[in-house]
Each structure stands twice: as C-alpha cells, then as structure tokens.
Amino acid sequence: MIRAILKYPEPVLSKKTETVTDFGAETRSLVDDMFESMYAAQGIGLAAPQIGVPKRVTVIDLSFQKTPEEKITLINPEIVHREGKQLEEEGCLSFPDIRAKVQRAAMVKVRAQNVEGEWFEMEGTELLSRAFQHEIDHLEGVLFIDRISKLKRDLLLHKIRKLIKAGEW
Ligand code: NI
C-alpha cells in the first residue's frame, strides 16, 4: 500500500525510533509499503518515520527497481565502521526540491537485520555509503539539514517557512 510521505517539520521525523523485535507479517508488510511508497515518490531511500512509523526500518534501492538485487532492507541497522570523507549534494523525500551539500563518510560498513530477522553486514561506498548514513540518521531523528552549517540551515528553513505560508509545501 502506498503511504503518504511526511514532510518536515512533522514531529515524528525528529524523534528516535524503536528497535524492531517482531519479524512477522506486520514488519513484512511495513517493508513492502515502504518500497511501494518510495518508488511512488521517485526516491532511492526511505526510513519508517517518514511514513509515520517510529521504528528502526529503512529501505534503499539505488537502481530504482532496475536491479532486484539492489533492493536493500535494513532493520535495526548500525554503522560499525566508517572511513574517509565525501562532500556531495543530498536530498530527502521529506524535503521536496531542497538539496544541500552534506559531508559524509566515504565508506561505511553497516550491521543490520533482514526482514526474517537474520543479521548481516554490508559495505557501501560513494552514493550507497551516503544513503546508509542518511537513512540511519533518520532512525535517530537526525535530518540532513542537521548536518549542514547553521547559516545554510537557517536559509533553507526560511525558504521552507515561506513555502508553508504560501501553501506550496
Ligand atoms: Ni531522508
């Protein structure tokens, strides 16, 4: 089922999420809904709080449905290793049409559970590393605008407030 993607400043987006302990039908259908909602919104990554569910679940597909093997589900993920730096533009489905350069680690290794509850580790570089860090931040209630300078953040927040006032957000 396609679910509405919540936009900033929806409070659930800034809250820490809960660990998933149930690996049954409910979690499976949450993951299915997240992929469906992400594709419908033309995104490459989505975290559960973005559809209003405060749980440690995120989905990523950099191939955008082209390569099934690139569908990644991370449940209860943690970054266990990070290396280097990269500075690239980043966006977020909860901030339509807003982009900013964000510094991230060049490579990260994550440890997570799949939809069956099995633990696995996975490394990512470049865009995948960025996606891991962006999505796992969401699970901590941290948004990409929290990772830029105060000056740039204030400018973006000003722009968003104007859009909200104009009914265009
Ligand atoms: Ni995001």
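One term before we start: contact means heavy atoms within 4.5 Å. This is a predicted model, so local features need pLDDT of at least 70, side-chain atom pairs count only at pLDDT 80 or more, and totals for chains, interfaces and linings use all residues. Residues are numbered from 1 along each chain as its sequence is written, and side-chain values use heavy atoms, with hydrogens and water left out.

Now His134. It is found in helix α2, residues 126–139. Helices here are DSSP runs of H or I, at least four residues; strands are runs of E, at least two; both are numbered from the N terminus. Which residues does His134 touch, not counting those up to four places away in sequence? Glu90, Gly91, Cys92, Arg104 and Phe144. With Glu90 there is also a side-chain polar contact of 2.7 Å. That term means a pair of N or O atoms within 3.5 Å; within protein, one must be able to donate a hydrogen and the other to accept it, and residues adjacent in sequence count only if both atoms are side-chain atoms.

Is His134 buried or exposed? Buried, at 7% relative accessible area. The cut-offs: buried is under 20%, exposed over 50%, partly exposed in between, with a 1.4 Å probe and protein chains only.

Next, backbone. Phe64 is not a glycine, yet its phi is positive, about 50 degrees. Gln65, also not a glycine, has a positive phi of about 75 degrees. Phe64 sits in the loop between β2 (57–60) and β3 (72–83), and Gln65 is in the loop between β2 and β3. Phe64 is partly exposed at 25%; Gln65 is exposed at 52%.

Last one: the Tyr8 to Pro9 peptide bond is cis, omega near 5 degrees. Pro9 lies in the segment before α1 (25–40).
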